[in-house]
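Here are a few exercises to work through with the structure open beside you. Try each task before reading its solution.

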Amino acid sequence: MLRYIIRRLLLLPLVMVGVTFLLFLLTQRLSPEMRASLYVRDARQMGALEEVISQYGLRDPVLKQYGRWMKNVIKGDLGYSPSANMPVAKAIKEYLPATIQLAVVTMLLVVFFGVWFGASSAVHKDKWQDTLVRLVSVGGFSLPIFVLGLLLLMVFYGKLGWFSPGGYSFQTDLIIHGVSFKTYTGFLLIDSLLNGQFRVFVDVLSHLVLPAVTLCIGSFALMVRVMRSSMLEELNKEYVRSARAKGLYERQVIYKHAGKNAIIPVITLASIQFIRLLGGTVIVETIFDYPGIGRFGVLAAQQLDIAGILGFSLMVAVLFVVGNLLSDILYTAVDPRIRLE
Amino acid sequence: MSVSPILEVRNLQISFVEQNRNRLVLRGLSYSLEKGRVLAVVGESGSGKTVHALGLLSLLPAAARISGGEVRYKGQNLLACSAEQLRQIRGAKIAMIFQDPSASLNPVLTVGQQLIETLRAHESISKEEAARKAIELLDKVGIPNPEKRLDEYPFQFSGGMCQRVMIAMALALKPDILIADEPTTALDVTIQAQILRLMKDLQQEYGMAVIFITHNLALAAAIADDVLVLYGGLCMEQAPAEKLFTHPLHPYTQGLLGSLVSVSRKTEHLPAIPGNPPIAGEPLPGCPFAPRCSQATEKCSQKLPPLFAKGSCYVRCWLEEPHGSTH
């Protein structure tokens with residue numbers, strides 16, 4: 001197990017180099033002037049562009065430029081992001097927790113309801129419960145995320161005024177940037193409670209609800225289907241029959257015996273979706289103006305903020321490798337037949 | 001000898017519902033089982049033997065329905081029981097073991113967990129006590145090093161060892177009846193003999209009645225007191241084992257015995273019954289065996305013979321019709 005983890009982590013640098021080098025090659029399609037322009041306050045100023053270009057060696061061969069960037073990355077310096085107006089590393093530290101927070105809340109909802117509804121849909125196959133769950137999941141699956149997001153905004157923000165999009169309230173901003181507010185985890189949901197700031201907690205939560213629900217629906221639809229078909233398959237297996245023959249209670253047969261086997265494919269799906277949420281809640285964060293890492297990535301891309309784009313991609317690559325590793329480890333906990341070697 | 005039977009099956013009928021069509025696969029089976037006796041139910045695939053066994057405990061797949069009859073355990077009709085009554089009988093009073101032992105155990109639960117939950121579903125005992133009992137049971141069925149094996153998963157056991165675990169689980173609550181559905185079919189021949197020996201020993205020790213379902217006549221001969229031959233969802237012959245094997249009455253039983261391969265007797269070709277067994281659920285008007293029977297008359301393919309009593313035997317064949325009877 002330990003050897004497996006080490007071997008997988010050794011692969012990490014390879015993936016990182018692979019992803020960033022490809023992106024780096026793409027950025028070279030831009031002229032050095034364009035790449036420099038973001039760092040220059042007034043491009044009309046004579047020689048300003050040329051100064052930046054020579055200072056950062058933007059006319060050097062690709063490999064040399066890439067090597068320089070990599071060397072800085074190893075030192076922990078991801079460069080400066082003009083689009084976020086701060087160093088890339090700091091931007092990630094600032095925006096990633098909000099996205100993780102959103103992804104965790106979303107996944108908790110998705111897994112909980114997905115497993116529950118999927119399992120009961122399978123148990124009541126072809127009855128009204130099943131029909132209802134399947135209808136909702138097909139509906140959720142076919143509704144594009146941006147349509148759903150805008151719809152929710154229209155109803156709950158526009159008409160009912162229950163939730164607020166955009167940034168946190170002025171008071172919240174004051175409190176969390178105040179001196180007395182201590183950062184424990186970087187996750188505002190947790191930190192606000194640890195600081196005893198209940199109103200901040202409520203404000204943060206209310207900003208989380210609509211994006212989380214929007215993200216949920218599509219993932220939920222997929223989760224329900226996987227859980228349902230997996231459960232149906234398990235319920236037909238022989239060990240379920242022998243569990244019944246032993247005189248176990250029906251809920252033991254369904255949840256302990258079939259359920260524990262049926263959940264294995266759900267873990268795969270959930271971990272893939274979780275990682276995707278971490279790197280790619282781009283649309284939802286943009287719609288709800290949620291201060292997360294996806295919005296940072298979009299802004300960086302829109303403004304050709306190369307340091308930002310590279311830093312963002314690097315982060316996503318690392319998350320993918322580590323996330324997949326974690327899901328592999330999770331497997332061994334659920335399925336004893338899997339041994340990591 | 002008039003012992004009241006522990007299990008009485010009366011006219012049990014089971015059908016599969018397929019595209020709004022009922023296919024009757026068990027066409028009315030009746031027998032009674034006395035305490036401590038071993039009844040072998042012998043038949044080819046599709047004869048209805050496994051379906052009958054699942055029907056006894058209402059474990060049939062969703063597509064199958066019990067369309068008639070009674071299964072009386074100590075006078076109580078199991079087919080009319082509530083789900084909870086049935087649950088209390090399953091595993092505790094009537095236990096069952098299956099054909100594929102590795103598939104019959106849950107792959108993600110330890111052998112110990114599966115034994116313990118069985119005990120605790122029927123008795124209010126602590127986990128520790130159940131674990132202690134589980135170790136005893138594993139020891140009893142001949143699993144070496146039971147304390148250690150308790151925490152292992154089914155995939156760490158061989159097929160024969162899995163079947164021993166299944167037997168331990170079935171015997172955990174000292175049931176009155178054990179239903180064994182082809183318990184050795186999936187195992188190597190040497191392991192088969194061991195498992196059979198174990199079942200026979202435990203059956204005698206516990207005084208259980210056993211319903212032993214098999215397609216293998218030699219196994220039936222080795223273990224059974226009585227034999228019931230199923231064909232096309234019908235009982236063809238039922239007789240005490242020694243009678244059936246020495247004087248089979250039904251041409252089908254004769255054919256089955258004739259096609260047993262003997263190692264000592266070298267033959268040019270393997271003896272077999274010509275033709276194929278009937279398609280389950282598509283009954284012929286007459287005797288289901290008539291198309292393959294060398295002694296069949298016209299009557300055989302037109303009219304289904306009833307079970308004729310002949311001493312301690314029953315046989316469903318017009319050739320055995322008592323003289324002077326008017327059917």
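**Exercise 1: Strand pairing in chain B**

Eight bridges join β1(B) to strand β4 (residues 64-73) of chain B, and the two strands run antiparallel. Keep in mind that this is a predicted model.

Task: Starting from B:Leu7, find the residue that stands opposite in β4(B), then find the bridge partner of that residue in β5(B).

Solution. Step one: B:Leu7 stands opposite B:Tyr73 in β4(B). Step two: move on to strand β5 (residues 76-77) of chain B, which pairs with β4(B) in the antiparallel sense over two bridges. Step three: in β5(B), B:Tyr73 has B:Gln76 as its bridge partner. To finish, look at the turn: β4(B) and β5(B) form a hairpin with two residues between them, and B:Lys74 in that turn has a positive phi of about 45°.

**Exercise 2: A serine in β1(B)**

Task: Decide whether B:Ser15 is buried or exposed, and find the side chain with which its own side chain makes a polar contact.

Solution. Begin with the location: B:Ser15 is found in strand β1 (residues 7-18) of chain B. Its relative accessibility is 3%, so B:Ser15 counts as buried, the cut-off being under 20%. Next, the polar contact: the side chain of B:Ser15 meets the side chain of B:Ser67 at 3.3 Å.

**Exercise 3: The open sheet and its helices**

Task: Write down the strand order of the eight-stranded open sheet in chain B, name its edge strands, and identify a helix that packs on the sheet.

Solution. Reading across the sheet, the order is β6-β7-β8-β3-β9-β10-β12-β11 (chain B), with mixed pairing. The edge strands are β6 (94-97) and β11 (308-310) of chain B, as each pairs on one side only. From one strand to the next, the twist averages 20°. Helix α1 (residues 49-56) of chain B packs on this sheet, touching β3 (38-42), β6, β7, β8 (209-214) and β9 (226-231) of chain B. The direction of α1 makes about 145° with that of β8(B).

Now zoom in on β6(B). Four bridges join β6(B) to strand β7 (residues 177-181) of chain B, and these two run parallel. Within this pair, B:Ile97 stands opposite B:Ala180 in β7(B). Helix α7 (residues 159-171) of chain B lies across β6 and β7 of chain B, running at about 175° to β6(B).

**Exercise 4: Locating the largest nonpolar core**

Task: Why does the largest nonpolar core lie between domain 1 and domain 2 of chain B?

Solution. First, find the members with the most contacts: of the 109 residues in this core, B:Leu7, B:Ile177, B:Ile179 and B:Ile211 touch the most other members. Second, ask which element gives the largest share: α7(B) does, with eight residues. Third, bring in the domains: domain 1 (7-93 + 176-191 + 205-320) and domain 2 (101-172) of chain B both give residues to the core, so the core lies between them.

As a check, take B:Ile211 and skip its neighbours within four places in sequence; its contacts include B:Leu7, B:Tyr31, B:Leu39, B:His52, B:Ile177 and B:Ile179. A second, separate core has 74 residues, among them A:Ala119, A:Val204, A:Met227 and A:Val240.

Note on methods. Residues are numbered from 1 along each chain as its sequence is written. Chains are lettered from A and ligands numbered from 1 in the order in which they are written. This is a predicted model: local features need pLDDT of at least 70, side-chain atom pairs count only at pLDDT 80 or more; totals for chains, interfaces and linings use all residues. Side-chain values use heavy atoms; hydrogens and water are left out. Two strands pair if DSSP finds at least two bridges between them. Axes are lines fitted to C-alpha atoms, for helices over the stretch in contact, and angles run from 0 to 180 degrees between N-to-C directions. Contact means heavy atoms within 4.5 Å. A nonpolar core is a set of buried Ala, Val, Leu, Ile, Met, Phe, Trp, Tyr and Cys residues joined through side-chain atoms within 4.5 Å. Buried means under 20% relative accessible area, exposed over 50%, partly exposed in between (1.4 Å probe, protein chains only). Domain bounds come from an automatic or database domain assignment. A polar contact is a pair of N or O atoms within 3.5 Å; within protein, one must be able to donate a hydrogen and the other to accept it, and residues adjacent in sequence count only if both atoms are side-chain atoms.
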